[in-house]
Amino acid sequence: MTKLNILHFPDKRLRTKATDITVFDDELRQFIRDMFETMYAAPGIGLAATQVNYHKRLIVIDVSEDKNEQLCLINPVITHKEGIEVMQEGCLSVPGFYEDVERAESVTISAQDEHGKPFELTADDLLAVCIQHEIDHLDGKLFVDYLSPLKRNRIRKKLVRMDKERAEQTTQSNSL
């Protein structure tokens, strides 16, 4: 398995709108395994393919505490939303930041599994929030887009500074 590189905000590639998956083969299934490995290692509870610079409509999720309830959603579409809930969200592409975001309390989605078989799923609570968060990624949207411009800009500046410092440390380590 391969651990994939997670893009960080404000990387413009995170704004790319993902396209549908049409080929369901062993290569796709291996990529899904790599996404789960990357998500668990990060650690996170959801990962959209866009976050690892693969711009196809693919999401992996596992909100269980013991990490044994893997959910793969290919070409997901929200078909119904109900209620409103505010939950604190974080994001592997916006590391270290958590903010309250308002989302639907319950969602029904249609999607395909790793073999292309269609299915429908109704989710609520954390799973519903996670699904909405990850589908946003596929549409080029980040949870920081729900924040005020001031908060979003503050987060962007901190992440740019952190990435710059990380790059400088890597350069210094390589030159030793």
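Biologist: Which residues is E134 in contact with, leaving aside its neighbours within four places in sequence?
Modeller: Contact means heavy atoms within 4.5 Å. With those sequence neighbours set aside, the partners of E134 are G46, L47, A48, Q51, I59 and I61.

Biologist: What pLDDT do side-chain atom pairs need in this predicted model?
Modeller: Residues are numbered from 1 along each chain as its sequence is written, and side-chain values use heavy atoms, with hydrogens and water left out. The model is predicted: local features need pLDDT of at least 70, totals for chains, interfaces and linings use all residues, and side-chain atom pairs count only at pLDDT 80 or more.

Biologist: Is E134 buried or exposed?
Modeller: UniProt, in an unreviewed entry, places the feature "active site" at E134; such annotations may be inferred rather than shown by experiment. The residue sits in helix α2 (125-138). Helices (H or I, at least four residues) and strands (E, at least two) are DSSP runs, numbered from the N terminus. The cut-offs are under 20% relative accessible area for buried, over 50% for exposed and partly exposed in between, with a 1.4 Å probe and protein chains only, so E134 at 3% is buried.

Biologist: What is the volume of the largest pocket?
Modeller: Nearest its centre lie P43, G44, G90, C91 and L92. Volume here is the space filled by probe spheres set on the points, which are joined across faces, edges and corners. The value is about 510 Å³.

Biologist: What is the relative accessibility of H137?
Modeller: H137 lies in helix α2. It touches residues including A48, Q51, C91 and L142. C91, in strand β4, counts as buried at 10%. H137 also counts as buried, because its relative accessibility is 0%.

Biologist: What is the strand order of the open sheet?
Modeller: Two strands pair if DSSP finds at least two bridges between them. β2 and β3 share 4, β3 and β6 share 6, and β6 and β7 share 7. The edge strands are β1 (46-48) and β7 (118-124). Pairing is antiparallel, and the order is β1-β2-β3-β6-β7.

Biologist: Which residue in β6 is the bridge partner of I74?
Modeller: I74 belongs to β3 and pairs there with L58. On β6, its bridge partner is Q112.

Biologist: What angle does helix α1 make with β2?
Modeller: α1 (26-41) packs on the sheet and touches β1, β2 (58-61) and β3 (71-82). Axes are lines fitted to C-alpha atoms, for helices over the stretch in contact; angles run from 0 to 180 degrees between N-to-C directions. The directions of α1 and β2 make about 45 degrees.

How values were computed:
On a 1 Å grid over the protein atoms alone, a cavity is a set of points where a 1.4 Å probe fits but cannot get out, and a pocket is an open set with protein on both sides within 12 Å along at least five of seven lines; lining residues have an atom within 4 Å of a point.
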